[in-house]
Amino acid sequence: MAKSSPTSLWLWLALAAAIVLADQFTKTLIVATFDHGEALRISSFFNLTRHHNPGAAFSLLADAGGWQRWFLSAVAVAASAFIVWLLHKHHSQRLFAFSIACIMGGAIGNLIDRLLHGHVIDMLDFHFRWLQPVFHGGHFPTFNLADMAITLGACGIIIDEIRRVRRSRA
């Protein structure tokens, strides 16, 4: 394996920082434009809205009474520290490093919300009739750019692992 340059670690950290900046920029625009709960219909299946989520993904722990803010913040800090260590060790593994940098950027974006506001600001509301049996009114849980980055990173890790297993069997 070719030795990678030390600057490639900084590339992944810059990607995470760019995700944080884009996420916070969009959230700042939403807070400046929408009142909590207000929505703008963009299409038959998409609304731009302002929603506050005091919990985790899918509003898990949203009604936990407040302790979840600090617990989820601590998890984000610990995960980010672990990811920096992983990036240091594996920065030459492009798909893996890209994926965990996306996860870190998303985690930090949502961490900033929790620390500043006590909740995460979500704004992307997709709704489809076929989702009604699973989600109220067919609305998928509202999410933001940080959540998209975390999801992209998780998918990338799965693909990277599948590729690694296939290579080891060959």
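Helices (H or I, at least four residues) and strands (E, at least two) are DSSP runs, numbered from the N terminus. On that basis the protein chain reads α-β-β-α-α-β-α along the sequence. That comes to four helices and three strands.

This is a predicted model: local features need pLDDT of at least 70, side-chain atom pairs count only at pLDDT 80 or more, and totals for chains, interfaces and linings use all residues. Residues are numbered from 1 along each chain as its sequence is written, and side-chain values use heavy atoms, with hydrogens and water left out.

**Overall**

The C-alpha trace spans about 50 × 35 × 30 Å along its principal axes. Of the 170 residues, 38% are buried (under 20% relative accessible area; exposed is over 50%, partly exposed in between; 1.4 Å probe, protein chains only). Contact means heavy atoms within 4.5 Å. Among contacts with a separation of 6 or more, 63% join residues 24 or more positions apart.

**Helix packing**

Axes are lines fitted to C-alpha atoms, for helices over the stretch in contact, and angles run from 0 to 180 degrees between N-to-C directions.

| Helix pair | Angle | Axis separation |
|---|---|---|
| Helix 2 (residues 67-90) and helix 3 (residues 94-117) | about 155° | 9 Å |
| Helix 3 and helix 4 | about 155° | 7 Å |

Angles under 35 degrees count as roughly parallel, over 145 as roughly antiparallel, 65 to 115 as roughly perpendicular and the rest as oblique. Helix 2 and helix 3 are therefore roughly antiparallel. So are helix 3 and helix 4.

Helix 2 crosses helix 3 in a left-handed sense (the near helix is turned anticlockwise from the far one by less than a right angle; clockwise is right-handed). Their contact includes Trp 70, Ile 83 and Leu 87 from helix 2, and Phe 96, Met 104 and Leu 111 from helix 3. Its residues divide into 17 nonpolar, three polar and two charged. Here Ala, Val, Leu, Ile, Met, Phe, Trp, Tyr, Cys and Pro count as nonpolar, Asp, Glu, Lys and Arg as charged, and the others, Gly among them, as polar.

The crossing of helix 3 and helix 4 is also left-handed. Residues meeting there include Phe 98, Gly 106 and Asn 110 in helix 3, with Ala 149, Gly 153 and Asp 160 in helix 4. The classes are 14 nonpolar, five polar and three charged.

**Asn 144**

Asn 144 sits in the loop between strand 3 (120-126) and helix 4 (145-169). Its relative accessible area is 0%, so Asn 144 is buried. Its side chain makes a polar contact with the side chain of Asn 110 at 3.2 Å (a pair of N or O atoms within 3.5 Å; within protein, one must be able to donate a hydrogen and the other to accept it, and residues adjacent in sequence count only if both atoms are side-chain atoms). A polar atom of the Asn 144 side chain also lies 2.8 Å from the backbone nitrogen of Asp 147. Beyond neighbours within four places in sequence, Asn 144 contacts residues including Asp 23, Lys 27 and Asp 122.
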